[in-house]
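Q: Please take a close look at one helix of this model, at what surrounds it, and at the contact between the chains.

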Amino acid sequence: MFEVRSKKNKILLQLILFIMTVPYLIPLIQMVLGSLGGRGLYNYKVVWDTGVVPIYFRNSAIISAGVIALVYAFSMTAGFGFAKLHVKGKEYFFWMILIALTLPEVILLTPLFVTFQKLHMYNTLFAVILPTAALQLPFTILLARKFNEGIPGELMEAARIDGANIWQVFTQVILPMTKPIASAIIVLTLINAWNAYLLPLLFLQSPNLQVVTLLPQYFQGEFTNDQTKILAAAVMTAIPEITAYLLLQKNFEKGMIAGALK
Amino acid sequence: MKSSTYISGLPWILPALLFLVVIVYYSIISTFNLSTLDWNGLDPIRTSVGMKNFAKMLKDRVFWLCLKNTVIYFGITFVVQNTLGFLFAAILHSQVKLSTLHKCIIFIPTILAPATMAPVFRLLFSPQGMLQSVFNSLHLPITVDWLANPNSALFVLMAVAIWEFTGMSFILYYAAMSQVDKQILEAARIDGAGNIRTLITMVLPHCKGTTVSLAMLGIIGALKTFDIPYLITTGGPNHATEFLGTYIYRQGIRQSHLGYAAALSVTLLVLAIGGALASNYSKKGD
């Protein structure tokens, strides 16, 4: 966008970029430096030796997988139905879904708390998986519908003339063609499920059901404000996320772009 | 054979719809119902109080403070975060070195959980943090206790939000700028327009759709704000960083004023839907 020809201006632009980026690094540097305070790498050993880190990671992974499975199944089918099939009063149903798009999760807390206790689902991973998926769905259905609308109807008709029923059209024509939006949906859902804080905080009580976002709190209790251990735990939580991002960079970016440009 | 367009899509949308009705709509209706009660969640007696919870809300100083904080928070983060995101996108679209590295650094904050970063920010903005040591070594007479000070705590939270979400603005502007016609920019330059002028008069208007989308995300995001204030300041000191989300949590979960929390929730929902409709309307107005 900027056109810089002279050597001096090129260096200047590079310098501006550098100065603008430094503040984004500061918290990450603070995190790593803080985690090495006091006894250095020994902090990591202490955190690891508590044995809770793998348990918290496992639970986050189960929750993310559950949420992704639900969101994927519901958004792909509903996206297809809304975009390509005949539904009476379609737009009313769609509006019902869009209204849920604005829903803050804090509103769900009391009603869900009461319901989950009645159904004996309180303090199970389902109590986090179900509402997290529900909060994610309006958005992903919207994305899936938009993407399906771009698929030419002729492709479906051709498959049907060849004798495919509607389920076969869905699995053999639609699903392969919607892969780009599906991967965006999966990545977006993964970020939100992995980073979920409030629902796990309230709906999971047992120590063996906690998730990664609750690690700092656990160590605050365990090491009574020994910041270095808390930050070591934060680094251990951040590293897999950053690694996943670097490996799937393109999908993350596509997910974000798809997520906002609707 | 019937054309696919006439095959009923109901069985395809019904599973998702029922799932949302059971979880989301059930909760919304039960929140509306709760908002007319005076109930602590345990007592078998639920007293119906009509609209009294809403009347109480309108007289509640903290409720208005939450709204004020939300407006300030949205206004400042929207301008700063999008200006930075726009500039990053423009610079990284020019021929600069190490662009992938810079992209990664700006983008990583958007994928890290606020819950993971909260202890880092509490340390960074405390007298034991890195900023304080930098100021000390430069012999600057500044004391970093910005989270404890009601006048600065909200600004710290805004800085955190900007840190977290600039990557989002950046990536969207970056995508939008890929579609700018290079020849038009070239023509403008031949006519003598400088870099800054081309950026403001040609590139920025081209990205208008992105800016509107970001405004909608920003309004809903500001109203929904919970993790950052709850985890860093728990709404304090003295409600200085209270938002509707944290206040609902405080009233409903901490103090068991379920009816009052529900009335605040209903208000929050109405504001969020209103905000979304308003920004959607402005998008169509183009």
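A: In H5(B), the residues B:Pro114, B:Ala115, B:Thr116, B:Met117, B:Ala118, B:Pro119, B:Val120, B:Phe121, B:Leu123 and B:Leu124 are buried, a residue being buried if 20 or more other C-beta atoms, placed from the backbone, lie within 10 Å of its own. Helix H5 spans residues 114–124 of chain B, and ten of its eleven residues are buried; helices here are DSSP runs of H or I with at least four residues, numbered from the N terminus. This is a predicted model, in which local features need pLDDT of at least 70 and side-chain atom pairs count only at pLDDT 80 or more, whereas totals for chains, interfaces and linings use all residues. Residues are numbered from 1 along each chain as its sequence is written, and chains are lettered from A and ligands numbered from 1 in the order in which they are written.

The cover over the buried residues of H5(B) includes helix H1 (7–35), H11 and H12 of chain A, together with helix H6 (130–137), helix H7 (153–177) and helix H11 (227–232) of chain B. Of these, H11 (residues 215–222) and H12 (residues 227–247) of chain A pack at an angle of about 160 degrees with their axes 9 Å apart, the axes being lines fitted to C-alpha atoms over the stretch in contact and the angles running from 0 to 180 degrees between N-to-C directions. H11(A) is therefore roughly antiparallel to H12(A), a label for angles over 145 degrees.

The contact between the chains takes 83 residues from chain B and 72 residues from chain A, where two residues are in contact if their C-beta atoms, placed from the backbone, lie within 7 Å.

How values were computed. Helix = DSSP H or I, 4+ residues; strand = E, 2+ residues; numbered from the N terminus. Parallel < 35°, antiparallel > 145°, perpendicular 65-115°, else oblique. Buried ≥ 20, exposed ≤ 12 C-beta atoms within 10 Å, placed from the backbone.
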